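Reader: I'm new to this. Could you take me through one part closely, and then show how the rest sits around that part?

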2 protein chains.
Amino acid sequence: MARAATTSDAFNAIAEPRRREILSFLALQERPVADIVLQLGLEQPSVSKHLRVLRDVGLVRVRREGRQKLYRTNAEAIRPLYEWTSTFQRFWRHQLIQVKERAEAQANKIQSRPWGEKT
Amino acid sequence: MARAATTSDAFNAIAEPRRREILSFLALQERPVADIVLQLGLEQPSVSKHLRVLRDVGLVRVRREGRQKLYRTNAEAIRPLYEWTSTFQRFWRHQLIQVKERAEAQANKIQSRPWGEKT
DNA sequence: TTGACATATTCCCATATCGGCATATAATCC
DNA sequence: GGATTATATGCCGATATGGGAATATGTCAA
């Protein structure tokens, strides 16, 4: 077996940085392909291919408007990624608290030598 | 150019479902490789390779304990993914509100025919 | 219909993947 | 040291990638 297809799910689709840029760009407003080409500075065929992948996994929606096609981000499709990452929130909070506690313990040892404040 | 390396960043690393499973498993508690093998039902070399990728991008940390190596998830490294997906939160909220509003408009048209409530 | 514009698809290629299998490295115990 | 346990690495093959260049499809306008 090889690597899973980029079109197999949202996780694979967003692994590509250009596709993440496209999603951010299209989240604000629907746009024709040419706008994306300008924004990202990619070749038009490349953009079309990325859009194809994004469309296959439901991350963008298209609408025809005369000659152009208007793409927009379908934020709903990003939600599973958000939810998966969210499950780790409590762990990094936990780790941060530990870091903070260590830092404070250290501060107490050194006693009255504040730092980390931009004065 | 080909697809970016799985070790190029956290986004690429978590594209692989087994690696996400490993991260979830190791978030709760540090574990030796053998435990992961049992949990996921993969071959030991496969697990080692996945761990290698995860380690390269900082998603897990290792500690030697006698013969075994204890791995644990480094939740901090998942944070950028969480933050990126979070930027879309307002958009899917927005979309949900629209869906809700449309549904309510529809409800008003049909007039006094409630649904969606489990009675 | 012909031509211009907007987007999509096809073909090529260098590259990295993941799994399977065999083997290497490392630590422990006798 | 030698055997055993725990983990890591190397090699293989099938597969998909993403960029580039060329071309195809689709839409409008005259």
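**The sheet of chain A and its surroundings**

Author: In chain A, three strands make an open sheet, ordered β1-β3-β2, with antiparallel pairing. Two of them are edge strands: β1 (31-32) and β2 (60-65) of chain A each pair on one side only. Keep in mind that this is a predicted model.

What holds such a sheet together? Strands of a sheet pair through backbone hydrogen bonds, either parallel or antiparallel.

Look at one pairing. β2(A) and β3(A) run antiparallel to each other and are joined over six bridges. Take Arg61(A) as an example. The bridge partner of Arg61(A) in β3(A) is Arg72(A).

Pro32(A) sits in strand β1 of chain A. Which residues does Pro32(A) contact, leaving aside its neighbours within four places in sequence? They are Gln68(A), Lys69(A) and Leu70(A). Pro32(A) and Tyr71(A) are 39 residues apart in sequence, yet their C-alpha atoms are 6.1 Å apart in space.

Is Pro32(A) buried, exposed or partly exposed? Count the C-beta atoms. Pro32(A) has 14 others within 10 Å, so this residue is partly exposed.

Step back to the whole chain. Chain A has six helices and three strands. Along the sequence, the pattern of chain A is α-α-β-α-α-β-β-α-α. Buried residues account for 24% of the 119 residues in chain A. Contacts also reach across the sequence. Of the contacts in chain A between residues at least 6 apart in sequence, 49% join residues at least 24 apart.

Which elements build the surface near DNA strand C? From chain A, α3 (33-40), α4 (44-56) and β3 (68-73) each supply at least two residues. From chain B, α4 (44-56) also supplies at least two. The largest share, six residues, comes from α4(A). By class, the surface near DNA strand C has eleven nonpolar, seven polar and nine charged residues.

Finally, see how the two chains meet. In all, 24 residues of chain B are in contact with 24 residues of chain A. On the chain B side, α1 (10-13), α2 (17-28), α5 and α6 (89-110) each supply at least two residues. α5(B) gives the most, with six residues. That side of chain B divides into 13 nonpolar, six polar and five charged residues.

Zoom in on one helix pair. Helix α5 (residues 79-86) of chain A packs against helix α5 (residues 79-86) of chain B at an angle of about 145 degrees. Their axes are 9 Å apart. The crossing of α5(A) with α5(B) is left-handed. Which residues make the contact? From α5(A) come Leu81(A), Tyr82(A), Thr85(A) and Ser86(A). From α5(B) come Leu81(B), Tyr82(B), Thr85(B) and Ser86(B). The residues of this contact are four nonpolar, four polar and no charged.

How values were computed
Residues are numbered from 1 along each chain as its sequence is written. Chains are lettered from A and ligands numbered from 1 in the order in which they are written. This is a predicted model: local features need pLDDT of at least 70, side-chain atom pairs count only at pLDDT 80 or more; totals for chains, interfaces and linings use all residues. Helices (H or I, at least four residues) and strands (E, at least two) are DSSP runs, numbered from the N terminus. Ala, Val, Leu, Ile, Met, Phe, Trp, Tyr, Cys and Pro count as nonpolar, Asp, Glu, Lys and Arg as charged, and the others, Gly among them, as polar. Axes are lines fitted to C-alpha atoms, for helices over the stretch in contact, and angles run from 0 to 180 degrees between N-to-C directions. A crossing is left-handed if the near helix is turned anticlockwise from the far one by less than a right angle, and right-handed if clockwise. Two residues are in contact if their C-beta atoms, placed from the backbone, lie within 7 Å. Two strands pair if DSSP finds at least two bridges between them. A residue is buried if 20 or more other C-beta atoms lie within 10 Å of its own, exposed if 12 or fewer, and partly exposed in between; C-beta atoms are placed from the backbone.
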